[in-house]
Amino acid sequence: MNNFKLNVEDLNSSGFNLDLYLQQTNKTCNLNEILLFERDLFEEISVFQSDKQTLVYDNYNKFISATNTIGKIKYDFIKMEDEMKSLASNMESMTIFYDSITCTLQDSHSEISRILKIRAYLKNLQFLIKLPDKLKMQTQSKKYLEAAQDYLNVQKDLYHYCHLGSFQIIQQEINYILEEIKTNLWENLNCTHTKVKELSYSVNILLTLREPPKKLADKYIRNVEKQLTEKVVEWNKPPVINLFEYANLGVKLMEELCSFICEFDQMFDVINIPLKETKKSLDRMIKGLMTLFFESIQVKIDSLPKDKQIVNSPGIIFGDQSPRSS
């Protein structure tokens with residue numbers, strides 16, 4: 001009951017009863033107290049109204065701000081949508097432009113490729129036309145290897161254009177120059193005074209020009225054999241040289257022989273043509289030359305006085321002792 005009474009008389013209570021509150025106030029308060037209470041109540045109501053008005057204004061401002069924000073967002077969305085449409089349109093235009101450029105470049109690439117092929121074709125024809133004069137200059141300066149390589153580089157092209165009259169004339173000129181080169185090289189190969197290194201050079205070029213390998217190998221072996229044999233024979237002629245000098249010449253002979261064998265193998269092993277008989281001739285040449293050389297050394301040793309043979313022979317042949325004059 002007391003709680004109910006408090007609730008009825010409490011101004012802040014939801015169960016506040018105005019009539020009951022006035023009756024109770026009239027009973028308990030005098031006039032001055034009622035007037036003071038009225039004044040306080042009026043001031044409090046003014047404060048509440050002011051706060052209420054402030055809250056209304058604040059809420060109104062917030063509502064206006066929210067409305068503006070929503071409008072701005074809506075505007076931004078519309079603007080973004082327009083920009084997306086514009087971007088999509090630009091992308092479509094760029095795609096069309098890219099396809100156009102690709103098509104144009106493809107046509108240009110095909111045209112450039114065609115022009116480059118024509119340029120290479122004309123350059124090749126120009127080289128063929130100037131080749132006879134170039135081969136003549138190379139022949140005069142004895143640059144036979146360069147001439148052979150230039151000819152082999154265009155051999156297929158010459159065969160391709162052989163049905164044309166002008167190129168038949170060029171082929172005839174080239175054939176004439178090549179025959180001249182071959183003749184010069186065969187003369188070098190047949191000359192017994194040509195050095196072994198020059199012989200190898202001539203044989204290599206003649207092989208490049210498709211000369212018969214077996215004929216070249218046999219001629220090469222015979223010429224080198226003749227030269228090296230003549231050297232050994234020449235060493236045995238007066239004036240007689242001492243045994244130590246003779247051994248040094250033998251070392252040089254072995255070096256020259258080994259160099260010849262290596263060059264021979266390099267040139268003829270790459271040719272897929274059996275040269276069994278030629279290899280046998282090479283073996284016989286090496287054995288004959290080595291036999292001749294060792295027989296000559298034995299003659300030299302036998303010609304020494306008995307007391308010097310034991311001392312000098314091992315030292316000279318094997319390098320264990322100092323040489324002495326015979």
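Biologist: In which helix is Gln227 found?

Modeller: Gln227 is found in helix α7. Keep in mind that this is a predicted model.

Biologist: Is Gln227 buried or exposed?

Modeller: The general idea is to compare the relative accessible area with a cut-off, and buried means under 20%. Gln227 has 10% relative accessibility, so Gln227 counts as buried.

Biologist: What does the side chain of Gln227 reach?

Modeller: The side chain of Gln227 reaches the backbone oxygen of Thr194, at 2.4 Å. Leaving out residues up to four places away in sequence, Gln227 touches Cys191, Thr192, Thr194, Lys195, Val196 and Leu199.

Biologist: How many helices and strands are there in the protein?

Modeller: There are ten helices and zero strands. Read from the N terminus, the elements run α-α-α-α-α-α-α-α-α-α. Of the 326 residues in the protein, 25% are buried.

Biologist: Where do Lys142 and Arg210 lie?

Modeller: Both lie in loops. Lys142 lies between α3 (31-140) and α4 (144-160), and Arg210 lies between α6 (196-208) and α7 (213-235).

Biologist: What is the phi of Lys142, and what is that of Arg210?

Modeller: Start with the general idea. Most residues other than glycine have a negative phi. Lys142 has a positive phi, near 60 degrees, and is not a glycine. Arg210 is not a glycine either, and its phi is positive, at about 65 degrees. As for accessibility, exposed means over 50%. Lys142 is exposed because its relative accessibility is 59%, and Arg210 is exposed with a relative accessible area of 59%.

Biologist: How should I read a salt bridge, and how many are there?

Modeller: Look for a side-chain nitrogen of Lys or Arg within 4 Å of a carboxyl oxygen of Asp or Glu. By this rule the count is seven salt bridges. One of them joins the side chains of Lys85 and Glu81, with 4.0 Å from N to O. Lys85 and Glu81 are four residues apart in helix α3, about one turn of the helix. Lys85 is exposed, at 54% relative accessible area, while Glu81 is partly exposed, at 45%.

Biologist: Which residue forms a salt bridge with Lys214?

Modeller: Asp218 does, and the closest N and O atoms of the pair are 3.0 Å apart. Lys214 and Asp218 are four residues apart in helix α7, so about one helical turn separates them. Lys214 is partly exposed, with 43% relative accessibility, whereas Asp218 is buried, with a relative accessible area of 16%.

Biologist: Which parts does the pair Lys231 and Glu256 tie together?

Modeller: Lys231 and Glu256 form a salt bridge whose closest N and O atoms are 2.7 Å apart. Lys231 lies in helix α7 and Glu256 in helix α8, so the pair ties together parts that are 25 residues apart in sequence. Lys231 is partly exposed at 33% relative accessibility, and Glu256 is partly exposed at 22%. Salt bridges can also share partners, and in this way Glu179, Lys182 and Glu211 are joined into one network.

Biologist: Which residues make the nonpolar surface patch of about 730 Å²?

Modeller: The patch is made by Ile73, Phe77, Met80, Met84, Leu87, Met91 and Met94. Take Met94 as a case. Met94 is placed in helix α3, and Met94 counts as exposed because its relative accessibility is 53%.

Technical notes: Residues are numbered from 1 along each chain as its sequence is written. This is a predicted model: local features need pLDDT of at least 70, side-chain atom pairs count only at pLDDT 80 or more; totals for chains, interfaces and linings use all residues. Side-chain values use heavy atoms; hydrogens and water are left out. Helices (H or I, at least four residues) and strands (E, at least two) are DSSP runs, numbered from the N terminus. Buried means under 20% relative accessible area, exposed over 50%, partly exposed in between (1.4 Å probe, protein chains only). A polar contact is a pair of N or O atoms within 3.5 Å; within protein, one must be able to donate a hydrogen and the other to accept it, and residues adjacent in sequence count only if both atoms are side-chain atoms. Contact means heavy atoms within 4.5 Å. Patches are made of residues with over 30% relative accessible area and no salt bridge: like charges are joined within 9 Å, nonpolar side chains (Val, Leu, Ile, Met, Phe, Trp, Tyr) within 5 Å. Accessible areas come from the Shrake-Rupley method with a 1.4 Å probe; for residues, only the protein chains shown count as cover.
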